Amino acid sequence: MNKKVIVIFVIFMLLIFCINVTTTYASSLGDVISGGKSFIDSSSGNVEIDTSKLQDTSNSVYNILLMISFIVVAVVGIILGMKYMMAGVDEKADVKKSLVIFLIGCIVVYGSFGIWKVIVTALNTL
């Protein structure tokens with residue numbers, strides 16, 4: 001159990017580090033807004049956004065992430081199933097706790113994919 005806590009802590013710290021690194025590049029909101037305005041002003045005003053390319057890119061990213069999540073869910077499910085079959089009475093209780101966490105994770109991940117798809121579909125109809 002101690003090992004799992006350490007691994008979760010290290011992953012959490014890496015995520016925090018990545019967030020801090022990415023936020024230091026944009027020193028302030030004013031710099032970002034002024035950079036965006038200067039980019040827009042530099043165009044001749046004939047800017048057209050190709051929505052089909054944007055939609056294709058969004059669909060590609062969605063499908064790639066969905067396939068990766070299917071693979072991860074299958075591998076973790078197989079591993080937990082094998083642990084459950086080979087475990088003793090005490091270990092089966094621990095595996096059942098892991099299965100509950102696994103199920104909650106699946107609901108969160110696939111719920112977020114569903115929300116993403118609903119938002120993209122709703123925005124495409126506008």
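This is a predicted model: local features need pLDDT of at least 70, side-chain atom pairs count only at pLDDT 80 or more; totals for chains, interfaces and linings use all residues.

Reader: Where does Leu65 lie?

Author: Leu65 is part of helix H3, which covers residues 51-86.

Reader: Is Tyr62 buried or exposed?

Author: Tyr62 is buried, because its relative accessibility is 12% and buried means under 20%. Tyr62 is found in helix H3. Along the chain, Tyr62 and Lys117 are 55 residues apart, while 8.2 Å separates their C-alpha atoms.

Reader: And how should I read Lys83?

Author: Lys83 has its place in helix H3 too. With a relative accessibility of 48%, Lys83 counts as partly exposed. In sequence, 12 residues separate Lys83 from Val95, and from C-alpha to C-alpha the two are 7.0 Å apart in space.

Reader: How do I describe two helices that pack together?

Author: The general idea is to give two things for a packed pair: the angle between the axes and the distance between them. Here, H3 packs with helix H4, residues 89-124, at an angle of about 170°, and their axes are 11 Å apart. H3 is therefore roughly antiparallel to H4, since angles over 145 degrees are classed that way.

Reader: Which classes of residues make up the contact of H3 with H4?

Author: The contact of H3 with H4 has 18 nonpolar residues, along with seven polar and four charged ones.

Reader: Now for the whole chain: how many helices and strands does the protein chain have?

Author: There are four helices and zero strands in the protein chain. Read from the N terminus, the order of elements is α-α-α-α.

Reader: What share of the residues in the protein chain is buried?

Author: Of the 126 residues in the protein chain, 8% are buried. Tyr62, as we saw, counts as buried.

Methods. Residues are numbered from 1 along each chain as its sequence is written. Side-chain values use heavy atoms; hydrogens and water are left out. Helices (H or I, at least four residues) and strands (E, at least two) are DSSP runs, numbered from the N terminus. Axes are lines fitted to C-alpha atoms, for helices over the stretch in contact, and angles run from 0 to 180 degrees between N-to-C directions. Angles under 35 degrees count as roughly parallel, over 145 as roughly antiparallel, 65 to 115 as roughly perpendicular and the rest as oblique. Ala, Val, Leu, Ile, Met, Phe, Trp, Tyr, Cys and Pro count as nonpolar, Asp, Glu, Lys and Arg as charged, and the others, Gly among them, as polar. Buried means under 20% relative accessible area, exposed over 50%, partly exposed in between (1.4 Å probe, protein chains only).
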